[in-house]
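Work through the exercises below with the structure open beside you. Try each task before you read its solution.

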Amino acid sequence: MSNDQRITAVGGTGVPIPGDDIDTDQILPARFMKEVTFDNMAGYLFYDARRDEDGALNDHPLNRFEGASIAVVNQNFGCGSSREHAPQAMMRWGVDGVVGESFAEIFRDNCKSLGIPAVTADHEAVVALQEWLQDNPDGDIEIDVEDGTISYDNRTVEGHIDSAMQEALLGGIWDTTALMYSNRAKVERTVQDLPYVESN
Amino acid sequence: MSKHTLYDKVWERHRVTELPNGQDQLFVGLHLIHEVTSPQAFAMLTERDIEVAYPERNYATTDHIAPTEAAKRERPLPDEEAEEMLSALERNVAENDITFFGLDSGKQGITHVVAPELGLSRPGMTVACGDSHTSTHGAFGSIGVGVGTSQIRDILATGCIAAEKQQVRRIEVEGSLGAGVYAKDIILKIIQDLGVDGGVGHVYEYGGPAIRELDMEGRLAVCNMSIEGGARAGYINPDETTYEYLRGREYAPEGEAFDERREYWDSICSDEDAVYDDVVTVDVDDMDPMVTWGINPGQVVELSEPVPQPDSFVARSDREAAERALEHMDLDPGESMLGYDVDVAFLGTCTNGRVSDFEVAAEILDGRTVDESVRALAVPGSETVRKRCEARGLDETFIKAGFQWRRAGCSMCLAMNDDSLEGGEVCASSSNRNFVGRQGSKEGRTVLMSPAMVAAAAVAGEVTDPRRFVDDAARTVSATDVEVAE
């Protein structure tokens, strides 16, 4: 894989999306998955939460922080369904990185597949960042993938990035298809030792 | 680190190599495909000019968008978007020589219902599908994981996923279920105890007397909701119950081959001296049926318990979640869920859309009628389930009671077809998620429960103790009991 896939840092303005246990049905309601490509997903991001009952856009953070690159979320973000439509929609809306208290595993894996760093920090740090964002919608945040830190407003906050995600992003090897495709001979050996495969 | 567990053994058998990012490359023995999460993956393959590596390890069906009314299943489907998705799937499977159980095949249904009943899911396998409820297949003693679309591309292209080994938590389920209490209640109890994110970083190994006593369909319901507790996979060691279930199924090995394969199945069971990262005990003796009161599956109580006070939760996040839930559900702390008005009764899904689920419900519905205020849907998890139920005349019991008897699909679990809640309707549901908006209306309210309780709620027009219909001698609770307890 070429060096241009390497992701060492991402940055830009931020958008706070407060709330614990925000599930993928909220991030991307199921009725918008009836399309065979991800092309239009950005328009469906948090579709219900962003609208009033009459369909008009409300004051949801995504409506107020347009152009943001870093989403700042709380606990267990992305729980529920495995739909990659959720991080795809975030990416296509403009999100290049996510800072949160914790992530659901499939969501985090999906972020890794897309080259989106998902970094965790403790509750106080995340809430402080969300509050700062409310006052500083044009302020810059940077996620450093190499040391897992989050920097903003002349401050650097300790964060944590899952080691596989970190290796994948720094090495430019987050496209696992390319990574595994070269191991075909090894796969064949594993398969030959599996009792259930041939006689099926 | 765990040692000698089924998870360790199956992982080791399927491990191809370690990848440069530190993850393992893991061979996927069974990949299940449906129309919603796969078209983008097939397109990525075409873009890269890569062929499907092991087409014979892939099986496809259509479930999420499948119309459940017979007339709406004529092609082209009246819903143009659904037709486009189904056509794309048909094209992709045809071009890649993948077995497909289509709408007219007689075997179509929810991936997690179809693969077990056809004998495709078996012990000692790795199973993946672009659907979080792939944990279901762990009921056979396999590792079943839900994956995203990029990982579907990985599987199609290489037969493998990149994955990190998780910690193994043994959940010892002590005791024995009383009449009118079911597998669904066990898993809801586990999620109540451990929380919706308690399983993050773990796989759950379910064991103990209450799990051993469950039939395969009950075990499938338990493993199905592992993901609702945050565990990406959950499994049960295979035993005679597993093997008896598999014998004679279409894709299961036959005769001598079956006995040979059994040696492998026995060999991958967790050893007596297996080491777990963590062991948790849950006691289900004397447990009352469970019912959710909130907007995640961990917001759940036994029928004898009142809706909790937000202040009773230790964690700040749980207190805030409880506040949001009470507002959405229009409930007050201290209230009983018994008597909560129900507008819709929905029976089906990959959790509870199997023959035994409809049998239990039919026993309650026999000779009774659905309350006139309730819209009631029975949606078999697969066409095989539907035909088996019909062969036993269960469809007539449902129809006579006032249920609509539908064709197979995911239906109102996530409302990607025409089956949806309207406005603030309350749904007594045998599904697995009570998230806001999940059943198609953002004001809609979902109350998760066992199939028996769904049938009871349909008859009563409100949440009620199913045991009053199941067994005259069974203990039951009423709202006044709960208020007194409070």
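**Exercise 1. A sheet in chain A**

What is the strand order of the open sheet of seven strands in chain A, and what kind of pairing does the sheet have?

*Solution.* Keep in mind throughout that this is a predicted model.
Step 1: Read across the sheet. The order is β4-β3-β2-β1-β5-β6-β7 of chain A, and the pairing is mixed.
Step 2: Find the edges. β4 (118–120) and β7 (155–157) of chain A each pair on one side only, which marks them as the edge strands.
Step 3: Follow the twist. From one strand to the next, it averages 30 degrees.
Step 4: Check one pair. Strand β2 (residues 70–73) and strand β3 (residues 97–100) of chain A run parallel and are joined by three bridges. Within this pair, A:G97 of β3(A) stands opposite A:I70.

**Exercise 2. Where the chains touch**

How many residues of chain A are in contact with chain B, and how many of chain B with chain A?

*Solution.* 
Step 1: Count both sides. Chain A brings 52 residues and chain B brings 66.
Step 2: List the elements on the side of chain A. Those that give two or more residues are α1 (24–27), α4 (105–114), α6 (163–171), α7 (176–181) and α8 (184–192) of chain A.
Step 3: Pick the main contributor. α4(A) gives the most, with six residues.
Step 4: Sort by class. The side of chain A that touches chain B has 21 nonpolar, 17 polar and 14 charged residues.

**Exercise 3. The overall build of chain B**

Why does the radius of gyration of chain B agree with that of a compact globule?

*Solution.* 
Step 1: Compare the two values. A compact globule of 486 residues would have a radius of gyration near 23 Å, and chain B has 22 Å, so the two agree.
Step 2: The C-alpha atoms fill a box of roughly 65 × 55 × 45 Å along the principal axes.
Step 3: Check burial. Of the 486 residues, 62% count as buried.
Step 4: Check the contacts. Among those in chain B with a separation of 6 or more, 77% link residues 24 or more positions apart.
Step 5: Count the elements. Chain B has 18 helices and 19 strands.

**Exercise 4. Domains 2 and 3 of chain B**

What distance separates the centres of domain 2 and domain 3 of chain B?

*Solution.* 
Step 1: The domain assignment of chain B gives domain 1 (6–163), domain 2 (167–240 + 266–283) and domain 3 (290–485).
Step 2: Take the distance. The centres of domains 2 and 3 are 22 Å apart, over C-alpha atoms.
Step 3: Count the contact. Domain 2 gives 19 residues and domain 3 gives 20.
Step 4: Name the elements on the domain 2 side. α6 (183–194) and α8 (216–224) of chain B each supply at least two residues. The largest share, six residues, comes from α6(B).
Step 5: Sort that side by class. It has eight nonpolar, five polar and six charged residues.
Step 6: Inspect α8(B). Eight of its nine residues are buried, including B:R219, B:L220 and B:V222. Its buried residues pack against elements of chain B including α6, β10 (202–207) and α13 (355–365).

**Exercise 5. Strand β18 of chain B**

Which residues of strand β18 (residues 426–429) of chain B point one way, and which the other way?

*Solution.* 
Step 1: Recall the rule. In a regular strand, side chains alternate between the two faces of the sheet.
Step 2: Apply it. B:V426 and B:A428 point one way, B:C427 and B:S429 the other, and all are buried.
Step 3: Find the neighbours. Strand β15 (residues 344–348) of chain B pairs with β18(B) in the parallel sense over three bridges. Strand β19 (residues 445–448) of chain B also pairs with β18(B) in the parallel sense, over four bridges.
Step 4: B:C427 is the bridge partner of B:V344, and B:S429 stands opposite B:L448 in β19(B).

Methods: Residues numbered from 1 in each chain as written. Chains lettered and ligands numbered in written order. Predicted model: local features only at pLDDT ≥ 70, side-chain atom pairs only at ≥ 80, totals over all residues. Rg over C-alpha atoms; globule rule 2.2 N^0.38 Å. Buried ≥ 20, exposed ≤ 12 C-beta atoms within 10 Å, placed from the backbone. Contact = placed C-beta atoms within 7 Å. Domains from an automatic or database assignment. Nonpolar A, V, L, I, M, F, W, Y, C, P; charged D, E, K, R; others polar. Pairing = 2+ DSSP bridges. Axes fitted to C-alpha atoms, helices over the stretch in contact; angles between N-to-C directions.
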